[in-house]
Amino acid sequence: MTWLCRGRDLRADARPGVMGIVNVTPDSFSDGGRFLAPDAAIAHGRALLAEGADLLDVGAESTRPGSDPVPPAEQVRRLAPVLEGLRGAPLSVDTASAEVAAFALERGAIVVNDVTALADPAMAGVIARAGAGVVLMHARGTPRTMQDDPRYDDVAGEVEAFLAARLAAATAAGISPEAVALDPGIGFGKTADHNWALLAAIPRLAALGRPVVIGASRKRFLGAVAGADDPPERRLEASLAVAALAARDGAAVLRVHDVAATVRAVRAADAVRAAAGVGTRART
Ligand code: HH2
């Protein structure tokens, strides 16, 4: 399978790709404020590349539960020096704004990570014209309200149907199907049980025929596995367990904060897959 992003195939390496998170925000749930200063964000991005990140996801708007949207002009103001400082690196821009996406694509980004799956009517055209890759993610509601008692009859089935429909809408709007990756949106309008069910449904989502992106890193439901409510800095082991199982189940890209540890976990998972005949050497 290929994931063609401005002429680059981000699935050329058969083990799952690791997308390192660079939050240029004052308020992200696990690292808000740490990388708001451009120099800190750039240094963090370079460190994640050195740790083995295949792609950096640079975002200027937190989507944590309860957060408000950040105006495009402010996103651009935060992103400009960081995109400049990381120019030449494989960059994804985490935004739902077509204006912000266009700005980042002009400065060399190769992927648009859109947690609203093309809700902005101008977004598909911006992505198609640039030949950029896109992550289409499932969310229920907006960050402000999404965790207010989310309900589904069949969460995996509903998310699968949504992603199939957005893939069709993207291609109808001129985006190449080979440029599209799909993400069930762990934590976006979902209870912990919904998140576990979606992680268990990765093989089914992968059967849609496009790379599956999983962003579970440090999320709150992982802090509850030991019956506690562990803070983000104590969610590493659970994040790695989920990453390894997602890799085994066919996730193509893991969006994570802890790149070095995830790369090691994914390599071990891939070695098991290889020994079982489905890993690196067997896949093309
Ligand atoms: N999760 C977050 C943000 N963007 N994009 C995709 N495709 N998938 C995700 O699961 C996803 C995402 C939330 O995580 P983070 O960026 O660390 O926090 P915040 O939104 O508070 O900045």
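Helices here (H or I, at least four residues) and strands (E, at least two) are DSSP runs, numbered from the N terminus. Welcome to a predicted model, where local features need pLDDT of at least 70, side-chain atom pairs count only at pLDDT 80 or more, and totals for chains, interfaces and linings use all residues. Residues are numbered from 1 along each chain as its sequence is written, and side-chain values use heavy atoms, with hydrogens and water left out.

**Cavities**

- On a 1 Å grid over the protein atoms alone, a cavity is a set of points where a 1.4 Å probe fits but cannot get out, and lining residues have an atom within 4 Å of a point.
- Grid points are joined across faces, edges and corners, and a volume is the space filled by probe spheres set on the points.
- By this rule there are 2 cavities of 30 Å³ or more.
- The largest cavity holds about 100 Å³ of space, and of its 14 lining residues, Ser217, Ser239, Ala243, Val256 and Thr262 are the closest to its centre.
- Helix H8 (236-248) and strand E10 (253-256) are the elements that give two or more residues to this lining, and H8 gives the most, with 5 residues.
- The second largest cavity holds about 60 Å³, and its lining includes Trp3, Leu10 and Asp54.
- E3 gives the most to the lining of the second largest cavity, with 3 residues.

**Pockets**

- A pocket is an open set of points with protein on both sides within 12 Å along at least five of seven lines.
- The largest pocket has about 580 Å³ of space; it is lined by 34 residues, with Phe29, Arg64, Pro65, Gly187 and Lys219 closest to its centre.
- Strand E3 (17-23) and helix H6 (192-200) are the elements that give two or more residues to the lining of the largest pocket.
- The second largest pocket has a volume of about 370 Å³, and among its 23 lining residues Glu61, Ala96, Val115, Thr116 and Pro143 lie nearest its centre.

**A pair of helices**

- The axes of H2 (residues 72-85) and H3 (residues 98-106) come within 9 Å and cross at roughly 15 degrees, which makes H2 roughly parallel to H3 (angles under 35 degrees count as roughly parallel).
- Axes are lines fitted to C-alpha atoms, for helices over the stretch in contact, and angles run from 0 to 180 degrees between N-to-C directions.
- Among the residues that meet across the pair are Leu79 and Leu83 in H2 and Phe103 in H3, where contact means heavy atoms within 4.5 Å.

Note on methods:
Parallel < 35°, antiparallel > 145°, perpendicular 65-115°, else oblique.
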